[in-house]
Amino acid sequence: VMTRVLVFSVQTVWVAALVGIVHEVATINAADVRPVPDDIGAVAGARGCFARHGHDVIVLDMLAVIRAVYERAQRTRHELMHAGG
């Protein structure tokens, strides 16, 4: 069984996240990253995008993604605790 891990830094902490699949690993020139289009602007942590093999790839701010997931989990927990109350 192969395990794929995405390793990134969030501020001064290194984080390893299990991922289901890795399509490719590539170095991207920062000048090729453009602003996020309006149709994907609502993606939590989306900071930019670039084209790769004819497809748009979203650049994520992983700290913002982690915060969004945490905040949603907290809201869900709060709602469940107060349901039927």
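Which strand gives the most to the lining of the largest pocket? The answer is β4, with 5 residues.

## Model and confidence

This is a predicted model. The mean pLDDT of the protein chain is 85. Of its residues, 95% reach 70 or more.

The lowest mean falls in β1, at 83. The highest belongs to β3, at 91.

## The largest pocket

The volume of the largest pocket is about 800 Å³. Its lining is made by 21 residues. Nearest the centre lie Leu 6, Glu 24, Phe 50, Val 57 and Ile 58.

Three strands each supply at least two residues of this lining: β1 (4–10), β3 (46–52) and β4 (55–60). The contribution of β4 is the greatest. By residue class, the lining divides into 16 nonpolar, 3 polar and 2 charged.

Val 7 is a residue of strand β1.

## Salt bridges

How many salt bridges does the structure hold? There are 3. One of them joins the side chains of Glu 24 and Arg 52, at 2.7 Å from N to O. This pair links distant parts of the chain, 28 residues apart. Glu 24 sits in the loop between β2 and β3, and Arg 52 sits in strand β3. Side chains of opposite charge can pair when their charged atoms come close.

Glu 24 also returns to the pocket: it is among the residues nearest the centre.

Technical notes. Residues numbered from 1 in each chain as written. Predicted model: local features only at pLDDT ≥ 70, side-chain atom pairs only at ≥ 80, totals over all residues. Heavy atoms only, no water. 1 Å grid on protein atoms, 1.4 Å probe; cavity = no way out; pocket = protein on both sides within 12 Å on 5 of 7 lines; lining within 4 Å. Points joined across faces, edges and corners; volume = space filled by probe spheres on them. Helix = DSSP H or I, 4+ residues; strand = E, 2+ residues; numbered from the N terminus. Nonpolar A, V, L, I, M, F, W, Y, C, P; charged D, E, K, R; others polar. pLDDT = per-residue confidence, 0-100. Salt bridge = Lys/Arg side-chain N within 4 Å of Asp/Glu carboxyl O.
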